[in-house]
Amino acid sequence: MSVNMSPLDAKVSRPLMGGPSFSLRNRLYRGAWKIVWLLLASWTPNFMGPWRKLLLEIFGARMGKSADVRATARVWSPENLIMSDHTLIADGVDVYNMAIIELHEWAIVSQRTTLCAGTHNYSDLNMQLVAKPIRIESRCWVCAEAFVGPGVTIKQGAVLGARAVAFRDLEPWSVYSGNPAVLLKGRRMESAG
């Protein structure tokens, strides 16, 4: 299933006057997806992760081994979701993926985080919608209620603290906090036991 995910030209579609930002085919696909998730997944307990994964894959998501999207998470477009092995999108996460959002191995996105891959060109009188991908590399942790903006790469091993806001790339093996997120310290890994 391939759906055109490119935003329409705002000069033509006129979203400020009530026109659409995406094609009819795109809107029908996302409408069908919302209904399927609501009826078949949004109520499921955690152990039904493989079932939710299957539904996401049917709608075009690319899911690795034991990748899990919890039932109360919201995925705007499965076709723009790539999750590698052992990744987790926790309860209440808003995956607003007008562009690709990619999680690499062992990446965790904690509760009620927003991953927002779209914005508007505020210099354009028509407020053209602009979609930019988000990449969360391996061993990263995006903590509860954080916000990750369009075009951000969270580099390998980085941590974005609870309620922090990232509009720029985060350096590898570093810990960030605040709004806007600022570097607090390096992240050192220790072996268990």
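F147 sits in strand 14 (residues 147-148) of what is a predicted model, where local features need pLDDT of at least 70, side-chain atom pairs count only at pLDDT 80 or more, and totals for chains, interfaces and linings use all residues. Residues are numbered from 1 along each chain as its sequence is written, and side-chain values use heavy atoms, with hydrogens and water left out. Helices (H or I, at least four residues) and strands (E, at least two) are DSSP runs, numbered from the N terminus.

- F147 is partly exposed, with a relative accessible area of 24%; buried means under 20%, exposed over 50%, and partly exposed in between, using a 1.4 Å probe and protein chains only.
- Leaving aside neighbours within four places in sequence, F147 is in contact (heavy atoms within 4.5 Å) with T114, C116, L160, A164, V165, A166 and F167.
- The C-alpha atoms of F147 and T113 are 5.9 Å apart, although 34 residues separate the two in sequence.
- Strand 6 and strand 9 (residues 114-116) run parallel and are joined by 3 bridges, and V95 has L115 in strand 9 as its bridge partner.

**Two buried loop residues**

- N97 is found in the loop between strand 6 (94-96) and strand 7 (101-103).
- How buried is N97? Its relative accessibility is 0%, so N97 counts as buried.
- Apart from residues up to four places away in sequence, N97 touches V75, W76, S77, N80, L81 and A117.
- S84 is in the loop between strand 4 and strand 5 (88-89) and is buried, with a relative accessible area of 18%.
- The C-alpha atoms of S84 and G64 are separated by 4.3 Å, with the two residues 20 apart along the chain.
- Beyond four places in sequence, S84 touches G64, A67, L103, H104 and E105.

**The nonpolar core**

- The largest nonpolar core has 47 residues; such a core is a set of buried Ala, Val, Leu, Ile, Met, Phe, Trp, Tyr and Cys residues joined through side-chain atoms within 4.5 Å.
- Those with the most contacts inside this core are L56, V69, L81, I89, I136, I154 and L160.
- Helix 2 (24-40), helix 3 (49-58), strand 4 (81-83), strand 7 and strand 12 (134-136) each give two or more residues to this core, and the largest share, 4 residues, comes from helix 2.
- L81 is in contact with L56, A61, R62, M63, V69, V75, I89, V95, N97 and I101, leaving aside its neighbours within four places in sequence.

**Helix 2**

- The 17 residues of helix 2 should span 24 Å at 1.5 Å a residue, which agrees with the 24 Å between its end C-alpha atoms; the expected span is 1.5 Å times one less than the number of residues.
- Which residues of helix 2 are buried? They are N26, Y29, R30, W33, V36 and W37.
- Seen down the axis, these buried residues fall within an arc of 125°, so they line one face of helix 2; the arc is that of the directions from the helix axis to the C-beta atoms.
- The face turned away from the buried side carries the exposed residues L24, L28, K34, I35, L38 and L39.
- Cover for the buried residues of helix 2 includes helix 3, strand 2 (68-69) and strand 3.

Notes:
Pairing = 2+ DSSP bridges.
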